[in-house]
Amino acid sequence: MIILGIETSCDETGIGLVQAEHIQKPVKLLANNLASSLSLHAQTGGIIPEVAAREQLKYILPLLAQTLEEVFSQKLSQKPPPIDAIAVTYGPGLIGSLLVGLETAKTLAYVWQKPLVPVNHLFGHLYANWIDIQNKKTTPQFPCLGLVVSGGHTDLVLLKNHKTVKVLGSTRDDAAGEAFDKTGRLLGLSYPAGPQIAKIAQNGQRGKIKLPRPMLDSGDFDFSFSGLKTAVLNLVKKNNWENLNESKNPMHQKILADLAASIEEAVVDVLVKKTLQAVEKYKPRSFVLGGGVAANKYLNQRMQKALSEKLEIFIPPPVLCTDNAAMIAASSFYRYQPVSWQKMTVDPSLYF
Ligand code: KG4
Ligand code: ZN
């Protein structure tokens with residue numbers, strides 16, 4: 001079956017298409033288009049929900065039209081496209097943004113008379129690992145350990161099969177991506193700071209600046225990153241390092257790089273250690289990583305090093321780590337539960 005995916009939970013507008021053959025096989029990626037309002041949010045230091053939703057309203061139909069033309073050489077105004085279902089994110093996320101995607105999906109399902117599948121964005125991040133993009137013909141095997149690391153979530157879960165999931169732990173305060181975004185902001189970096197910290201960290205020395213690793217030895221699978229933010233704030237205040245990023249002084253550039261490398265290492269140390277402990281306790285057959293922070297190369301390397309001899313590791317390519325609609329379409333195939341369009345509503349605080 002061919003599934004159209006729609007994703008508008010946060011600041012991105014995503015339209016994706018996947019082709020699915022069999023539950024034991026990964027789905028094939030046909031399209032994964034994105035319209036981003038990130039540059040607007042960089043100016044304001046974070047996402048203003050209403051601005052995000054208004055941009056999504058502008059982008060969604062042109063992006064859909066472009067995707068249908070690319071894949072099926074067919075105009076949106078012509079007959080219904082040769083798709084078998086429509087998948088849409090219904091939560092968690094910003095209410096206005098979610099509504100843009102959901103109302104679009106409902107309208108299309110009604111007009112085209114296609115099944116409509118609501119998708120939990122968090123499962124979407126995990127199921128990015130069921131998309132065949134590098135000709136990897138295998139899918140993750142159950143029981144499967146999953147770690148979602150995004151701007152709003154840090155969740156360690158155990159997938160027993162496509163239907164049953166057990167939450168092992170999650171963050172008590174800031175999410176991993178939020179830790180990057182908030183510490184980055186203290187250093188004068190624009191939103192989202194994660195990719196910039198990763199880039200600047202390449203010139204820095206890890207561990208040069210001592211930072212805390214909260215809850216590293218807590219004995220459970222919960223996380224906490226707000227202490228890291230406070231530690232960076234205290235350092236910035238004590239040393240007058242405000243807006244280090246804007247300084248042309250080479251000494252400041254070196255401190256910025258060392259700080260970036262130390263922040264990255266502190267976050268990664270905690271994520272890797274807790275994942276390793278969960279692998280030892282639950283003995284899963286595979287591990288899947290998902291969410292924007294999964295695009296971080298240093299995290300990828302450390303996870304590979306810590307786990308590759310113990311089980312099979314799946315990490316999506318960066319475009320499938322950050323928010324996208326192909327992962328929503330993929331998730332809907334393996335967890336296929338269509339709902340009538342009249343019954344669909346958004347759920348901004350949806351969890352696993
Ligand atoms: O999954 P995502 O696109 O959106 C949410 O669902 O939140 O994740 C966005 C988060 C942001 O916090 C961003 O700073 C972080 O992912 N991020 C990264 C990298 N790329 C994106 N963090 C660290 N290193 C990266 N390369
Ligand atoms: Zn996300």
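Trainee: Which polar backbone atom is 2.9 Å from an oxygen atom of ligand 1, that is, to which residue does the backbone atom belong?

Mentor: The backbone atom belongs to Gly292, and it lies 2.9 Å from an oxygen atom of ligand 1. Please keep in mind that this is a predicted model.

Trainee: How much of ligand 1 does the protein bury?

Mentor: The protein buries 88% of the 550 Å² that ligand 1 exposes when taken alone.

Trainee: What about side chains: how far is a polar side-chain atom of Asp181 from an oxygen atom of ligand 1?

Mentor: The distance is 2.6 Å for Asp181. The side chain of His125 also has an N or O atom at 3.1 Å from an oxygen atom of ligand 1.

Trainee: How many residues surround ligand 1, and which are the closest?

Mentor: There are 18 residues around ligand 1, and the closest are Gly151, Asp181, Gly292, Asn296 and Asp323. Sorted by class, this shell has 11 polar, 5 nonpolar and 2 charged residues.

Trainee: Which helices each supply at least two residues of that shell?

Mentor: They are helix H4 (121-127), helix H5 (176-186) and helix H6 (194-201). With 3 residues, H5 gives the most to the shell around ligand 1.

Trainee: Turning to pockets, where does ligand 1 sit?

Mentor: Ligand 1 sits in the largest pocket. The volume of the largest pocket is about 1300 Å³. It is lined by 47 residues, of which Ser150, Gly151, Asp181, Tyr191 and Pro192 are the closest to its centre.

Trainee: Which helix provides the largest share of the lining of the largest pocket?

Mentor: That is H5, with 6 residues. Helix H1 (38-44), H4, H5, H6 and helix H9 (297-307) each supply at least two residues of the lining.

Trainee: And by class, how many residues of each kind does the lining of the largest pocket have?

Mentor: The lining has 17 nonpolar, 19 polar and 11 charged residues.

Trainee: Let us move to the backbone. Is the peptide bond from Gly91 to Pro92 cis or trans?

Mentor: The bond from Gly91 to Pro92 is cis, with omega near -10°. Pro92 is placed in the loop between strand S4 (85-91) and helix H3 (95-112).

Trainee: What is omega for the peptide bond from Phe142 to Pro143?

Mentor: Omega is near -5° there, and the bond from Phe142 to Pro143 is cis. Pro143 belongs to the loop between strand S6 (131-132) and strand S7 (144-149).

Trainee: One last point: is the phi of Ser73 positive or negative?

Mentor: The phi of Ser73 is positive, about 50°, although Ser73 is not a glycine. Ser73 is found in the loop between helix H2 (49-72) and S4.

Terms used
Residues are numbered from 1 along each chain as its sequence is written. Chains are lettered from A and ligands numbered from 1 in the order in which they are written. This is a predicted model: local features need pLDDT of at least 70, side-chain atom pairs count only at pLDDT 80 or more; totals for chains, interfaces and linings use all residues. Side-chain values use heavy atoms; hydrogens and water are left out. A residue is near a molecule or strand if one of its heavy atoms lies within 4 Å of it. A polar contact is a pair of N or O atoms within 3.5 Å; within protein, one must be able to donate a hydrogen and the other to accept it, and residues adjacent in sequence count only if both atoms are side-chain atoms. Accessible areas come from the Shrake-Rupley method with a 1.4 Å probe; for residues, only the protein chains shown count as cover. On a 1 Å grid over the protein atoms alone, a cavity is a set of points where a 1.4 Å probe fits but cannot get out, and a pocket is an open set with protein on both sides within 12 Å along at least five of seven lines; lining residues have an atom within 4 Å of a point. A molecule sits in a cavity or pocket if more than half of its atoms lie within 2 Å of its grid points. Helices (H or I, at least four residues) and strands (E, at least two) are DSSP runs, numbered from the N terminus. Ala, Val, Leu, Ile, Met, Phe, Trp, Tyr, Cys and Pro count as nonpolar, Asp, Glu, Lys and Arg as charged, and the others, Gly among them, as polar. Grid points are joined across faces, edges and corners, and a volume is the space filled by probe spheres set on the points.
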